Amino acid sequence: MRFCSLLLTLWLLFPTAYAATLSLDPCWQLLAIEPTVAGTGNPITLTPGEHHLLVRYEETLPARVNGDNDETLHSSPQLITLTVANEALQLAAPNLSANSQKQQFATMPKVVVKDTSGRDYPVSQREIKVDGFQLGVNYQQLLAAQLATSKPAAVATGVATAVVSQPAPNASMPVEDSQLQQLFLQATPEQRKRFISWAVQQF
């Protein structure tokens, strides 16, 4: 209880400093997210922990000749799961130039999330088949149903591997919440980041 109350206090004191952001390239459409977040802007602000998103690849191909209609490509909804701390991430666009490449990608999209250094960020991905016309589908309900019937496997984050060598705190040592909060406030930004990263993995 003390540990949980400490995390709650930290998030109340620093609501944005210890949250991640996820920017979506225009070719990716956000359909639903769990847990839900306030607002629908881009980037999305994600609290530390595990998040599930339904996204869809969408691309418009210009008409080849005058008078023809543009072709809009849609992929099936993709359920992605990622665990974040306070990173700035981007759901990147595929590097495709030819229309045939985009058409092929729409049939079997590959989700790639990058960090600020351009490295791939670990995520899990699963295609969700939707029968019939997708217009009018309640994607938030679809996501909830998918999570209820088949919970995706947990994903280890790069942050977790970065702190795996750190010694775990002694759980038997009685420390008051106020003391922990004081130690946190006295810590350097890098020490705070390491603590938050470790704390997220305890849930």
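Trainee: What makes the contact of Asp-120 with Lys-114 a salt bridge?
Mentor: In this predicted model, the closest N and O atoms of Asp-120 and Lys-114 are 2.6 Å apart. The rule asks for a Lys or Arg side-chain nitrogen within 4 Å of a carboxyl oxygen of Asp or Glu, so the pair qualifies as a salt bridge.

Trainee: Why is Asp-120 called exposed?
Mentor: Its relative accessibility is 55%, and exposed means over 50%, so Asp-120 counts as exposed. Lys-114 has 26%; that value falls between the 20% and 50% limits, so Lys-114 is partly exposed.

Trainee: How do you know that Arg-119 and Asp-115 form a salt bridge?
Mentor: The closest N and O atoms of Arg-119 and Asp-115 are 3.4 Å apart, and the limit is 4 Å, so this pair is a salt bridge too. Arg-119 is exposed at 53%, whereas Asp-115, at 17%, counts as buried because the value is under 20%.

Trainee: What about Lys-129 and Glu-127?
Mentor: Those side chains meet in a salt bridge, with 3.4 Å from N to O. Lys-129 is exposed at 61%, and Glu-127 is partly exposed at 34%. The count of salt bridges comes to three.

Trainee: Now the rings. Why is the pair of Trp-28 and Tyr-57 called edge-to-face?
Mentor: A search of the whole structure finds three aromatic pairs. For Trp-28 and Tyr-57, the ring centres are 5.8 Å apart and the planes stand at 65°.

Trainee: What makes Trp-28 and Tyr-57 buried?
Mentor: Trp-28 has a relative accessible area of 4% and Tyr-57 has 1%. Buried means under 20%, so both residues qualify.

Trainee: Which residues do the ring pairs link into a cluster?
Mentor: Trp-28, Tyr-57 and Phe-105.

Notes
Residues numbered from 1 in each chain as written. Predicted model: local features only at pLDDT ≥ 70, side-chain atom pairs only at ≥ 80, totals over all residues. Heavy atoms only, no water. Buried < 20%, exposed > 50% of the residue type's maximum accessible area, 1.4 Å probe, protein only. Phe/Tyr/Trp six-rings, centres within 6.5 Å; stacked < 30°, edge-to-face > 60°.
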